[in-house]
Amino acid sequence: MTSTIKVHLVEDNKSDIDLLKDAFGRNTYVPNITVSHDGQSAITDLEATTRDKSLIPNLIILDINLPKKSGFEVLNFVKNHQQLKFVPVLVLSSSDAPADIEKSYKYYANGYLVKPLDIEQWFNLVKRIEEFWFGCAKLAH
């Protein structure tokens with residue numbers, strides 16, 4: 001199904017990017033996915049979307065371990081930006097450290113997910129993201 005759902009992925013690992021794109025393409029919803037490969041470009045790219053409200057993503061999926069600026073800095077930027085603060089942000093990280101989880105919620109992440117270890121778990125995780133965020137939740141704009 002073609003969709004107008006926009007997902008902004010902030011991830012520096014090419015394999016994870018490819019895996020997420022493939023997983024999103026397998027289910028009911030096929031969002032338009034844009035990618036930033038580091039924290040600084042994520043801030044620049046997300047700021048640019050605010051010039052045309054139709055470009056603002058419906059969901060941001062954010063790794064916290066990024067080059068140039070951390071995912072925490074990106075999260076803080078989004079949640080303090082007048083036009084972006086209503087966009088749900090899911091942290092998707094390989095870290096399951098309690099300090100990282102707590103810090104993500106301190107900066108108002110809407111969820112914290114640990115990257116799965118095998119491909120079937122990846123597909124299942126993306127299916128659940130889609131079912132909840134695209135099928136059940138009401139997203140802004």
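Reader: Which way do Leu59, Ile61, Ile60 and Leu62 point from strand β3, and are they buried or exposed?

Author: This is a predicted model, where local features need pLDDT of at least 70, side-chain atom pairs count only at pLDDT 80 or more, and totals for chains, interfaces and linings use all residues. Residues are numbered from 1 along each chain as its sequence is written, and side-chain values use heavy atoms, with hydrogens and water left out. Now, β3 (residues 59–62): Leu59 and Ile61 point one way, Ile60 and Leu62 the other, and all are buried. Buried means under 20% relative accessible area, exposed over 50%, and partly exposed in between (1.4 Å probe, protein chains only).

Reader: What makes aspartate 96 exposed?

Author: Its relative accessible area is 55%, and the cut-off is over 50%, so aspartate 96 counts as exposed. You'll find aspartate 96 in the loop between β4 and α4 (98–106).

Reader: Why are α2 and α3 called roughly parallel?

Author: Helix α2 (residues 39–49) and helix α3 (residues 71–79) pack at about 20°, with axes 9 Å apart. Angles under 35 degrees count as roughly parallel (over 145 is roughly antiparallel, 65 to 115 roughly perpendicular, the rest oblique), so α2 and α3 get the roughly parallel label.

Reader: Which residues of α2 and α3 make the contact?

Author: Gly39, Ala42, Ile43, Leu46 and Glu47 of α2, plus Glu73, Val74, Phe77 and Val78 of α3. Contact here means heavy atoms within 4.5 Å.

Reader: What joins β3 to strand β4?

Author: 3 bridges do, and β3 and β4 (residues 89–93) run parallel. Strands pair if DSSP finds at least two bridges between them.

Definitions and conventions: Axes fitted to C-alpha atoms, helices over the stretch in contact; angles between N-to-C directions. Helix = DSSP H or I, 4+ residues; strand = E, 2+ residues; numbered from the N terminus.
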